[in-house]
Amino acid sequence: GGTGGKKVEKIKQNAIVKKIGFNRVVLMCVLILLYLLFALIAPMVKENANFVSFARILSLLKYAYFMGFLSLGVTFVIATGGIDFSIGPVMFCGALISGYLLTSKGWPLILCLVLCILVGTAFGVLNGVLVSYAGLPSFITSMASMMLAKGIGSVFTKTQSVNWPQADEPGGWFRNLIGVKIGATEIPTGLVLLLLASVICAVILNKTMAGRYILCIGSNREAVRLSGVNTKRWETLAYIICGTLAG
């Protein structure tokens with residue numbers, strides 16, 4: 001135990017580890033180990049399954065980028081000590097409403113894309129106000145808004161599915177934002193957007209006044225309030241950012 005503790009402490013004192021953060025390094029290592037584990041298990045579960053092939057990795061990067069946007073948004077809420085379970089249904093609600101107006105009502109594509117984000121922002125405002133100003137628990141509030149988002153999306157589209165234009169169809173240019181095909185290879189540009197959004201969110205959370213207040217609220221809300229900070233305003237902002245990124 002003592003030897004192991006000394007080794008861990010030595011790793012913590014490493015200049016690179018100290019700069020990145022020991023917890024982050026551990027999380028990255030766990031992620032790599034999980035990937036290697038599934039790479040070994042996949043061929044046993046399904047014959048000829050190649051979990052580490054370039055095509056499979058490209059597919060993961062292409063179709064999983066949206067989860068990154070959801071994760072970025074909910075990070076702000078978790079930093080305040082809250083939680084938001086509504087991000088998934090809110091994302092689908094925005095896509096259903098704007099997609100329905102695009103395909104059935106002939107609304108311009110740009111307007112529908114903006115509307116999709118605004119729907120997410122509206123739910124973020126709703127959650128933020130209920131949690132911060134009404135004093136409702138974030139668990140209960142987000143569960144309620146989750147059901148509300150599901151209901152609004154279903155009622156608005158009359159429970160029918162909505163198909164956004166494909167890349168080769170008129171108006172399908174927006175799909176190049178998440179994937180550009182060059183020859184036989186498709187470049188996951190959605191991942192590039194995610195990395196850009198990650199940098200912006202990191203700067204907001206760690207280098208701005210708003211981000212510092214959000215982090216401080218999660219550490220000691222009462223101390224922040226007693227120091228004269230409007231905690232309700234900054235907590236609401238965290239939920240708004242979360243909803244916007246879901247949109």
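## Cysteines

Cysteine 116 counts as buried because its relative accessibility is 11%; buried denotes a relative accessible area under 20%, exposed over 50% and partly exposed the range in between, with a 1.4 Å probe and protein chains only. The model is predicted, so local features require pLDDT of at least 70 and side-chain atom pairs pLDDT 80 or more, whereas totals for chains, interfaces and linings use all residues. Residues are numbered from 1 along each chain as its sequence is written, and side-chain values use heavy atoms, without hydrogens and water.

The structure holds 0 disulfides, a disulfide being a pair of cysteine sulfur atoms within 2.5 Å. For cysteine 116, the closest cysteine sulfur belongs to cysteine 93 and lies 8.9 Å away, which is too far for a bond. Cysteine 201 is likewise in no disulfide, and the nearest cysteine sulfur, in cysteine 242, is 10 Å away. With a relative accessible area of 9%, cysteine 201 is buried.

## The chain as a whole

The chain comprises 11 helices and 2 strands. Helices (H or I, at least four residues) and strands (E, at least two) are DSSP runs numbered from the N terminus. Read from the N terminus, the order of elements is α-α-α-α-α-α-α-α-β-β-α-α-α. The C-alpha trace spans about 65 × 55 × 30 Å along its principal axes.

Of the 247 residues in the chain, 36% are buried. The chain exposes about 15100 Å², and carbon and sulfur atoms supply 70% of this area; accessible areas come from the Shrake-Rupley method with a 1.4 Å probe, and for residues only the protein chains shown count as cover. Contact means heavy atoms within 4.5 Å. Among contacts between residues at least 6 apart in sequence, 62% join residues at least 24 apart.

The chain carries 21 positive and 8 negative charges, whose mean positions are 9 Å apart. Lys and Arg count as positive and Asp and Glu as negative, while His and the chain ends are not counted. Each charge is placed at NZ of Lys, CZ of Arg, CG of Asp or CD of Glu.

Helix H11 covers residues 231-246, and its 16 residues should span 22 Å at 1.5 Å a residue; the end C-alpha atoms are 23 Å apart, which agrees. The expected span is 1.5 Å times one less than the number of residues. Buried residues of H11 include Thr231, Trp234, Glu235, Ile241 and Cys242. The buried residues of H11 pack against helices H5 (65-79), H6 (87-103), H7 (109-132), H8, H9 (189-207) and H10 (209-226).

Glutamate 235 is located in helix H11 and counts as buried at 5% relative accessibility. Beyond residues up to four places away in sequence, glutamate 235 touches Thr80, Val131, Ser132, Ile217 and Arg221.

Isoleucine 217, in helix H10, is buried with a relative accessible area of 2%. Apart from neighbours within four places in sequence, isoleucine 217 contacts Thr80, Val224, Thr231, Trp234 and Glu235. Isoleucine 217 and valine 229 are 12 residues apart in sequence, and their C-alpha atoms are 9.6 Å apart.

Isoleucine 152 belongs to helix H8 and counts as partly exposed at 32% relative accessibility. With neighbours within four places in sequence left aside, isoleucine 152 is in contact with Cys93, Ile97 and Phe123. Between isoleucine 152 and threonine 189 there are 31 Å from C-alpha to C-alpha, at a sequence separation of 37 residues.

Threonine 157 lies in the loop between helix H8 (138-156) and strand E1 (180-182). Leaving out neighbours within four places in sequence, threonine 157 contacts Leu96, Tyr100 and Val162.

| Residue | Relative accessibility | Class |
|---|---|---|
| Threonine 157 | 4% | buried |
| Lysine 158 | 56% | exposed |
| Threonine 159 | 64% | exposed |
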